[in-house]
Number of protein chains: 2
Amino acid sequence: MSKIVIVGGVAGGASAAARARRVSETAEIIMFERGEFISFANCGLPYHIGGEIESRDALLLQTPESFDARFKVDVRIQQEVVAVDRHAKVVTVRHSQSGETYQESYDKLLLSPGAAPIVPPISGMDNHHVYSLRNIPDMDKILSTLALHEPRHATVVGGGFIGLEMVEALRHRGVHVTLLELADQVMTPVDHEMANMVHQKLVDNGVDLRLSTGLIAINEINIAPLEPEATDSYDKPIAHHNTLNLTLSNGTELNTGLVIMAIGVKPETTLAVDAGLALGQLGGIQVNAAMQTSDPDIFAVGDAVETPEFVSGESSLIPLAGPANRQGRIAADNMLGGDRVYRRTQGTAICKIFDMAIASTGLNEKRLKRDQVAYEKVYVHTASHASYYPGAHPVSLKLLFSPDDGKILGAQAAGLDGIDKRIDVIAVAQRAGLTVQDLEDLELTYAPPFGSARDVVNQAGMVASNVLSGDEKICHTEDLFSSASDRMVLDVRNPGELEKSGAIPNAVNIPLHQLRARLAELPRDKQIMIACQVGLRGHVAYRILVQHGFEARNLTGGFKTFQLMNASF
Amino acid sequence: MSKIVIVGGVAGGASAAARARRVSETAEIIMFERGEFISFANCGLPYHIGGEIESRDALLLQTPESFDARFKVDVRIQQEVVAVDRHAKVVTVRHSQSGETYQESYDKLLLSPGAAPIVPPISGMDNHHVYSLRNIPDMDKILSTLALHEPRHATVVGGGFIGLEMVEALRHRGVHVTLLELADQVMTPVDHEMANMVHQKLVDNGVDLRLSTGLIAINEINIAPLEPEATDSYDKPIAHHNTLNLTLSNGTELNTGLVIMAIGVKPETTLAVDAGLALGQLGGIQVNAAMQTSDPDIFAVGDAVETPEFVSGESSLIPLAGPANRQGRIAADNMLGGDRVYRRTQGTAICKIFDMAIASTGLNEKRLKRDQVAYEKVYVHTASHASYYPGAHPVSLKLLFSPDDGKILGAQAAGLDGIDKRIDVIAVAQRAGLTVQDLEDLELTYAPPFGSARDVVNQAGMVASNVLSGDEKICHTEDLFSSASDRMVLDVRNPGELEKSGAIPNAVNIPLHQLRARLAELPRDKQIMIACQVGLRGHVAYRILVQHGFEARNLTGGFKTFQLMNASF
């Protein structure tokens with residue numbers, strides 16, 4: 001009989017405990033959780049704050065009792081594993097409330113401690129109006145502050161998944177929100193121009209977005225009780241709005257009533273380090289493909305571990321629920337004698353921001369540049385379903401691929417509808433080793449309410465295939481104006497579109513349907529950079545021009561991508 | 001310079017013409033369309049009848065003028081190619097209105113004539129209240145009849161895609177509808193139990209569904225003008241509701257005001273046959289992977305051709321828009337010297353029925369049985385996104401796979417939300433050659449509004465993997481009661497669920513959380529068939545029982561699949 005001890009009772013730990021019991025009815029399984037709650041819906045926390053998830057109870061997926069009844073797992077909450085004696089194979093456990101400690105032996109130990117919000121060394125960070133959001137008690141505190149103090153204004157620091165979800169939650173509650181982001185974009189998994197769609201959405205929803213702006217200090221404002229101006233105001237409570245004064249990295253100040261810190265998370269490795277387990281190069285717990293640490297009897301999973309990134313194979317920290325769950329199940333199998341391996345992580349992720357979604361899989365362009373990987377990119381902006389059926393919205397998709405063999409390096413998509421589906425489809429294709437040429441031939445569900453006979457993904461595959469085969473040379477926004485003397489920009493949209501959407505500076509406008517008749521107006525000694533609205537008509541124009549002997553390139557994604565590249569927030 | 005003649009100006013033909021021009025600016029391209037409209041949205045026709053697509057113009061994607069302006073294609077509408085002289089490489093063209101004919105030569109000829117609605121040899125089929133729906137004029141006639149005669153009742157014959165879409169369209173307009181289907185299910189691409197979800201949806205929406213019922217005869221009712229009963233009724237027009245009397249295959253009769261024939265389509269092969277081109281074994285035009293007919297200078301695409309089915313490689317007729325478009329582009333390339341090949345067709349398809357969707361890819365169980373292919377199947381009923389986030393609905397997914405190697409044979413899904421996405425994901429996995437084990441590890445987008453940390457597809461992959469690895473033996477509804485003497489059925493749901501959802505006859509009920517304590521109640525000389533609501537708790541119960549030495553099987557998909565298997569309509 002095997003004795004399994006699990007540290008951490010949320011995603012990875014709870015998955016592992018349940019799986020271990022399914023594998024072995026006789027194993028002794030003990031799961032320690034230092035907090036009060038196990039297996040809660042941590043991804044749902046912001047939505048309960050925002051009011052979309054009405055019931056707090058809906059977030060509590062399991063109790064220690066229900067978990068034990070189903071899985072015969074000895075769940076010990078409010079008990080923290082504080083030390084591991086690897087030689088004796090014993091852990092030291094401390095009761096959170098009494099502080100008393102005891103020891104528990106193990107045959108196999110699983111570490112699933114998660115990752116903790118990064119708290120920067122800023123003065124005032126311990127103020128009671130400054131919160132981060134990791135668990136149910138954090139959520140309760142934020143809700144309680146919102147209810148008690150009714151802040152009119154809140155500041156979210158950090159524009160990642162949790163930061164953005166908190167921005168939306170607070171706006172749903174009618175609170176004015178400033179979002180501070182030290183980088184020049186939110187949502188680091190996507191590239192800057194794609195993040196610009198999120199920036200626009202935030203601004204459209206009344207968010208005070210401040211990019212390239214960090215938080216330097218938090219000061220409490222001493223509010224002198226106001227003398228009521230009229231007799232009938234005597235009984236009203238004094239509203240303590242804007243009780244904090246923030247100093248920002250650009251020298252300005254900001255008054256606010258509540259600060260949510262969401263600048264990122266770091267793996268919880270104290271226990272692992274104290275036990276002498278090896279860390280990876282990024283500071284997470286090092287594991288092999290079996291989810292085994294440097295001690296063969298200790299396994300680790302979830303946000304605390306490093307796993308190889310799918311495309312590059314390099315070590316990465318990817319704090320996502322899906323991988324944590326899968327790793328938990330694999331570790332459970334292996335602790336009980338199995339030999340399953342965890343495959344690389346693509347980091348497929350999505351975020352809802354008001355009515356839009358933004359998602360990505362694989363590597364982004366920033367990373368490819370940094371790693372000096374050869375890549376090409378195409379953009380499409382294609383309707384989420386047949387444009388003649390109500391409710392269709394453009395899916396803006398960026399596809400990154402190898403110019404040598406069409407290998408899919410990464411993809412990003414944003415829009416109001418059908419974003420999850422397109423990134424899912426590409427994520428499967430990437431994982432299966434398909435190329436961008438294969439995307440053209442994918443057979444996806446089509447009826448007017450759901451897609452198009454040529455889906456967004458087919459379209460992106462087609463454009464990329466044309467680039468690879470040489471059927472189309474493309475250019476990018478940054479190419480339009482470099483060495484302008486030997487280049488010209490030809491805009492083949494209709495004049496009405498230019499008036500409505502805007503024009504490209506210094507571009508010559510010849511609508512596509514007039515192009516064949518007006519070829520004489522075009523120079524034969526310059527490279528002609530063609531632009532249309534989304535790149536489709538530009539392709540037709542490109543094919544016309546090159547077959548008539550011109551040197552041309554088509555702006556991938558057309559004016560719409562041009563706008564995203566040039567937007568400033 | 002090459003001269004390309006294209007017969008048919010909708011999906012395949014129009015795609016080919018546009019592509020041909022992009023490939024060659026110098027080719028002469030003539031596209032004949034015997035009807036009035038080219039490149040119209042044929043998939044949108046039912047939705048305009050139902051009123052969801054308000055504007056008729058929205059369906060007219062291109063005019064001959066706009067097509068020529070962009071692609072320099074000589075579009076000749078209302079001109080029908082009536083003969084092909086392959087020796088002289090000349091087609092004979094007839095003007096639809098004048099009947100005059102002329103000849104046009106070709107270097108390469110592309111046939112994209114589509115498929116025609118099957119009109120059974122039934123008396124009364126030529127009645128002016130009997131319609132099929134293939135093109136804009138058909139749609140206009142139906143709309144005009146609806147407006148003029150205001151039928152209170154309509155009969156749709158055939159429960160395929162168009163039949164179901166027409167049922168919904170007519171219900172949207174407040175018309176009572178009877179749906180006649182000769183088979184025992186609608187939507188032949190899916191299996192009977194999955195179709196039962198559609199049957200229920202139809203009944204819930206007031207449709208008079210009559211399965212296993214065919215149409216035998218259509219008779220016009222002679223309505224004698226009624227004598228008005230009151231003086232103030234003299235000026236009212238006489239409503240000619242229910243002007244047709246239908247004789248049905250079960251001997252009953254039905255009065256109706258309008259009949260829509262939608263029993264299927266057959267390839268339009270008259271021109272090909274007259275030209276001496278080879279047909280395939282199913283009666284479609286035979287083509288090779290280059291979309292070339294038995295005459296190397298004649299290509300054919302779309303609903304008129306046979307293509308190899310993905311799993312079996314056998315010839316199939318798959319009248320879908322996506323394949324038609326792809327084939328059109330491939331044929332265009334090859335007519336101009338390319339060497340592209342069309343890959344096999346999975347037949348990925350989806351249909352919206354009121355608020356639900358049903359979709360499939362690959363082969364269904366009926367077909368696997370018929371072909372005596374070894375297969376296993378699992379069912380899951382998993383929430384479309386995190387169940388604690390509003391708007392989640394079960395996705396009922398059936399996954400068919402090879403019991404030898406886990407090869408994906410086919411998949412079907414139905415539900416209110418996220419159906420397209422799951423079938424798309426599996427369609428890509430199938431095309432890429434992934435196995436059901438790979439489905440478990442797919443990394444899909446997850447945030448509570450979009451999915452789950454363990455998505456429907458991951459879940460289905462996990463269940464199938466457990467079957468393949470021997471970690472779970474499953475059973476099916478048909479196994480529950482066969483040779484009942486050496487079997488017992490154990491229902492591990494809570495008593496409240498049995499009361500609410502219904503019980504399985506003769507099943508013993510022991511809730512999962514009591515199972516370990518009540519093992520002594522179970523027989524050791526019988527096979528225990530375990531059932532829960534959807535199969536998840538049954539799996540836990542299965543693992544408990546087999547590890548305690550019992551012989552057990554888990555009902556895949558649980559009581560929910562049991563209900564679908566046993567529903568009768």
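Q: Which residue forms a salt bridge with A:Lys377?
A: In this predicted model, the term salt bridge stands for a side-chain nitrogen of Lys or Arg within 4 Å of a carboxyl oxygen of Asp or Glu. For A:Lys377, the closest N and O atoms of the pair are 3.1 Å apart, and the partner is A:Glu365.

Q: What kind of model is this, and from which number are residues counted?
A: It's a predicted model, where local features need pLDDT of at least 70 and side-chain atom pairs count only at pLDDT 80 or more, while totals for chains, interfaces and linings use all residues; side-chain values use heavy atoms, with hydrogens and water left out. Chains are lettered from A and ligands numbered from 1 in the order in which they are written, and residues along each chain, as its sequence is written, are numbered from 1.

Q: Is A:Lys377 buried or exposed?
A: Buried means under 20% relative accessible area, exposed means over 50%, and partly exposed is in between (1.4 Å probe, protein chains only). A:Lys377 has 3% relative accessibility, so this residue counts as buried.

Q: How many residues apart in sequence are the parts that B:Glu193 and B:Lys398 tie together?
A: These two form a salt bridge with closest N and O atoms 2.6 Å apart. Helices (H or I, at least four residues) and strands (E, at least two) are DSSP runs, numbered from the N terminus. B:Glu193 lies in helix α6 and B:Lys398 in strand β25 of chain B, so the distance in sequence between the parts they tie together is 205 residues.

Q: Which residue of chain B forms a salt bridge with A:Glu443?
A: The closest N and O atoms are 2.9 Å apart, and the partner is B:Arg431. This pair crosses between chains, from the loop between α11 and α12 of chain A to helix α10 of chain B. Buried residues sit at both ends: A:Glu443 and B:Arg431.

Q: How many salt bridges are there between chain A and chain B?
A: One of the pairs joins the side chains of B:Asp441 and A:Arg343, at 3.3 Å from N to O. Over all chains, a search of the whole structure finds 74. Between chain A and chain B, the count is 14.

Q: How much area do chain A and chain B bury between them?
A: On each side, 80 residues are in contact (heavy atoms within 4.5 Å) with the other chain. Buried area is the accessible area (1.4 Å probe) that two parts lose on being put together, summed over both. With 57% of it on carbon and sulfur atoms, the total is about 7000 Å².

Q: Which residue caps the N-terminal end of α4(B)?
A: That helix covers residues 136–149 of chain B, and its buried residues include B:Ile136 and B:Met139. At the N-terminal end, a side-chain oxygen lies 3.0 Å from the backbone nitrogen of B:Asp138, and the residue supplying this cap is B:Asn135.

Q: What is the relative accessible area of B:Val7?
A: B:Val7 lies in strand β1 of chain B. Leaving aside neighbours within four places in sequence, its contacts include B:Phe32, B:Val81 and B:Leu271. B:Val7 is buried, and its relative accessible area is 10%.

Technical notes. Expected span 1.5 Å × (residues − 1). Polar contact = N/O pair within 3.5 Å; in protein donor to acceptor, adjacent residues only side chain to side chain.
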